[in-house]
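I opened this model to look up a few things and keep notes.

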Amino acid sequence: MFAIPIYPKVPPAMSFKVQAPCARLDFMIGPAFSGPGGQTGLASMIASVSKSMAVSARRSVAAAALAAALVGGCASGDTGAAEVWDPIETPNRFIFSFNRAIDVMAVRPVTVLYRDWVPEPAQKSVRNVLDNLGEPVTAINEVFQGDPSRAATTMARFLVNSTIGLAGLFDVATSFGLTRTKEDAGKTIGLWAGKGVEPENGGFYLMLPLAGPSNARDATGLMIDYAIDPFQILPIAFNWDWFYYSAPRYALTVIDYRSRTMFALDDLEKNSVDYYAALRSAYTQSRAELIRAKREKTDTKGELDRRDNLALVK
């Protein structure tokens, strides 16, 4: 339910091609985070859980890669999605309700204050810093997507913005003609899933606690991205306190994305008979469109424009 780029005003009933369960063996966005003042218990809980996840993620990189291979291998016998395959809908709905409760109690109030009281230039700088921190992961995925030249451009952006752009506060690289892209391991898996496999075929649907909509493919990709992120590896390597380094990044990511999707998510909920089903369908369609664009080798600017049109951004 949080900060995931999806189609606006998606009707609650979506239809796709029929799909066999095997193809579902094989998900911006967006987790939830506690607000300031009086909510340290929730923050501590998230910090503890996330720190444990970081350690386990490192030990599971090989398992994640194997899972990704299984995703593509199983999916290769099917062309793509029918109605979104949701075999664990009951627990997914429970997690969805939990996420909404966290959103209502903590995330949304803090986000409203951020959106209304923080000046727009400051919000833009926060977004630039977060984008800059994500550039190394994007570059790694671009290499595995078979586009090393694009990866070089991404790393050039990272170096320019990290220096001339004052640690990413300003997107100087764009003015130099170095356009931004955003890639992740879920899209990389989808790109190489096999001919005839529709991008909608992302595996069984998942509602992740404190993270929102996903599926087996994208959840696997999320774990891989976390494991290869230099800015997640460094705190562990140097034994830095997660709460003082990664938690602020996590919180700002949530608040920034939630502030840019608030109106569209509200509109989606208002116009949906079943908000859970509408969000599930919209998420699947949005991710499928991004993967389809990669398969068709859409130019960078066109891909960014399409993402802007699809994303729930005010």
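**Entry 1**

I began with Glu89, which counts as partly exposed because its relative accessibility is 28%. My cut-offs for relative accessible area are under 20% for buried, over 50% for exposed and partly exposed in between, with a 1.4 Å probe and protein chains only. Two notes on the ground rules come next. I am reading a predicted model, in which local features need pLDDT of at least 70, side-chain atom pairs count only at pLDDT 80 or more, and totals for chains, interfaces and linings use all residues. Residues are numbered from 1 along each chain as its sequence is written, and side-chain values use heavy atoms, with hydrogens and water left out.

Which residue does Glu89 form a salt bridge with? I found Arg93, with the closest N and O atoms 2.8 Å apart. A salt bridge here is a side-chain nitrogen of Lys or Arg within 4 Å of a carboxyl oxygen of Asp or Glu. Arg93 is also partly exposed, at 28% relative accessibility. Both residues sit in helix H3 (residues 89-117), four residues apart, which is about one turn of the helix. I noted the general rule: an α-helix has 3.6 residues a turn, so residues three or four places apart point the same way. Helices (H or I, at least four residues) and strands (E, at least two) are DSSP runs, numbered from the N terminus.

**Entry 1: salt bridges across the chain**

How many salt bridges does the structure hold? I read 23. I picked two that span the sequence.

Arg100 and Glu269 meet at 2.1 Å, N to O. Arg100 lies in H3 and Glu269 in helix H11 (residues 242-270), so this pair ties together parts that are 169 residues apart in sequence. Arg100 is partly exposed at 29%. Glu269 is partly exposed at 30%.

Next I checked Asp184 and Arg287, whose closest N and O atoms are 2.9 Å apart. Asp184 is in the loop between helix H7 (172-175) and helix H8 (185-191), and Arg287 is in helix H12 (residues 275-295), 103 residues away. Are these two buried or exposed? Both are buried.

I also noted a network: salt bridges with shared partners join Asp86, Glu89, Arg93, Asp274 and Arg280.

Two packed helices are described by the angle between their axes and the distance between the axes. I use axes fitted as lines to C-alpha atoms, for helices over the stretch in contact, with angles from 0 to 180 degrees between N-to-C directions.

The H3 and H11 axes come within 9 Å and cross at roughly 115°. That makes H3 roughly perpendicular to H11; the classes are roughly parallel under 35 degrees, roughly antiparallel over 145, roughly perpendicular from 65 to 115, and oblique for the rest. The contact (heavy atoms within 4.5 Å) includes Arg100, Val107 and Tyr114 of H3 and Ile255, Phe263 and Glu269 of H11. I logged its residues as eight nonpolar, two polar and eight charged. Ala, Val, Leu, Ile, Met, Phe, Trp, Tyr, Cys and Pro count as nonpolar, Asp, Glu, Lys and Arg as charged, and the others, Gly among them, as polar.

The H11 and H12 axes also come within 9 Å, crossing at roughly 125°. These two helices are therefore oblique to each other. Leu265, Leu268 and Glu269 of H11 touch Tyr275, Ala278 and Leu279 of H12. By class I have five nonpolar, no polar and one charged.

**Entry 2: H5 and its cover**

How many of the ten residues of H5 are buried? I found seven, so I wrote H5 down as mostly covered. Val137 lies in this helix (residues 135-144) and is buried at 8%. Beyond neighbours within four places in sequence, Val137 contacts Asp225, Ile228 and Asp229. Among the elements covering the buried residues of H5 are helix H4 (120-133), helix H6 (148-163) and helix H9 (216-228). Just after H5, Gly146 takes a positive phi of about 85°.

**Entry 3: two leucines**

Leu166 is not a glycine, yet has a positive phi of about 55°. I found Leu166 in the loop between H6 and H7. Leu210 is a further non-glycine with positive phi, about 60°. Leu210 lies in the loop between strand S1 (205-208) and strand S2 (212-215), and is buried at 13% relative accessibility.
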